[in-house]
Amino acid sequence: MSNLSIRPDSSGQTGQENGAAATISRRAADLAQILDRNPILDAYLLNYLANFYVGPLLKLVDARHGLTRPEWIVVFCLSQHDGLNAQQIGDVTGRPKSSISHAIKLLERKKLLRRIPDPADGRRRVLQLTAAGGRAYDDLVGFFMEREQAMLGCLTDAERRSLRKLMLKLVDHMERWAHSY
């Protein structure tokens, strides 16, 4: 059985109301049913939170810059670490190389990134954001930061540090279970 706290709305009702409150209460009740005796509860909760975090942001990314999820992933990665190639981006995101390669081609056409010679091996080419790609990242990252704060705002600083420590521990142990797809 899950330990999910399903709270009634301010009127004390849990699912018979009309309008937005009823929708939220129905969602909470439905979620409680799904979580109860869920054999993959932790993985389900991680995905549940991730979906509600990223879904609205991906709509914004598309509306503001016409970027798909894989394109945004490439822009994000290159904004953190210039000079990666498609394989490396796939490796650090867990996304299929074919999806990343297609996104790179689209971003080149949109002039948001370019391929440059690898400084370590001139025979290879690596990726670099253009100024326009950097501006797209700068325009969007604040929305991701605000949404992260909204999602985690109910946690104390100590709880946030604990959550981050636990997530990093999971990342550190991925080689035991994670495989590319």
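Q: Is Cys154 buried or exposed in this predicted model?
A: This is a predicted model, and the answer refers to its coordinates. The relative accessible area of Cys154 is 66%. Since the cut-off for exposure is over 50%, Cys154 counts as exposed.

Q: How does Cys77 compare, buried or exposed?
A: Here the relative accessible area is 10%. A residue under 20% counts as buried, so Cys77 is buried.

Q: And how many disulfides does the count come to?
A: A disulfide needs a pair of cysteine sulfur atoms within 2.5 Å. By this rule, the number of disulfides is zero.

Q: Stepping back to the whole chain, what pattern does its secondary structure follow?
A: The chain has seven helices and two strands. Of its 181 residues, 27% are buried, and residues 24 or more positions apart account for 49% of the contacts with a separation of 6 or more. Read along the sequence, the order of elements is α-α-α-α-α-β-β-α-α.

Q: Which element gives the most residues to the largest nonpolar core?
A: This core has 27 residues, and Val74, Leu78, Ile89 and Leu113 are those with the most contacts inside it. The elements giving two or more residues are α2 (41-65), α3, α4 (86-93), α5 (97-109), β2 (121-129) and α6. With six residues, the element that gives the most is α3.

Q: How are α3 and α6 oriented to each other?
A: Helix α3 covers residues 69-80 and helix α6 covers residues 131-152; they pack with their axes 10 Å apart and at an angle of about 100°. Angles of 65 to 115 degrees count as roughly perpendicular. The orientation of α3 and α6 is therefore roughly perpendicular.

Q: What is the orientation of α3 to α5?
A: The axes of α3 and α5 are 8 Å apart, and the angle is about 80°. That angle lies in the range of 65 to 115 degrees, so α3 is to α5 roughly perpendicular.

Q: How many nonpolar residues does the contact of α3 with α5 have?
A: On the α3 side are Pro70, Glu71, Ile73, Val74 and Val75, and on the α5 side are Ser99, Ile100, Ala103, Ile104, Leu106 and Leu107. One of these residues is polar and one is charged, and the nonpolar ones number nine.

Q: How does α1 run relative to α2?
A: Helix α1 (residues 19-35) packs on α2 at an angle of about 150°, with the axes 11 Å apart. Over 145 degrees counts as roughly antiparallel, so α1 runs relative to α2 roughly antiparallel.

Q: How many charged residues does the contact of α1 with α2 have?
A: Arg27, Leu31, Ile34 and Leu35 of α1 make this contact with Leu41, Tyr44, Leu45, Tyr48 and Phe52 of α2. By class there are eight nonpolar residues and no polar ones, and the charged count is one.

Q: What is the phi of Arg37, in the loop between α1 and α2?
A: Most residues other than glycine have a negative phi. Arg37, in the loop between α1 and α2, is exposed at 68% relative accessibility. Its phi is positive, near 65°.

Q: Is Lys111 buried or exposed?
A: Lys111 lies in the loop between α5 and β1 (113-118) and has a positive phi of about 60° although it is not a glycine. Its relative accessibility is 60%. The cut-off is over 50%, so Lys111 counts as exposed.

Q: Which residues does Thr130 contact, leaving aside its neighbours within four places in sequence?
A: Thr130 sits in the loop between β2 and α6. At 13% relative accessibility it counts as buried. Beyond those neighbours, Thr130 is in contact with Lys111, Leu112, Leu113 and Arg114.

Methods: Residues numbered from 1 in each chain as written. Predicted model: local features only at pLDDT ≥ 70, side-chain atom pairs only at ≥ 80, totals over all residues. Heavy atoms only, no water. Axes fitted to C-alpha atoms, helices over the stretch in contact; angles between N-to-C directions. Helix = DSSP H or I, 4+ residues; strand = E, 2+ residues; numbered from the N terminus. Parallel < 35°, antiparallel > 145°, perpendicular 65-115°, else oblique. Core = buried A, V, L, I, M, F, W, Y, C linked by side-chain atoms within 4.5 Å. Buried < 20%, exposed > 50% of the residue type's maximum accessible area, 1.4 Å probe, protein only. Contact = heavy atoms within 4.5 Å. Nonpolar A, V, L, I, M, F, W, Y, C, P; charged D, E, K, R; others polar.
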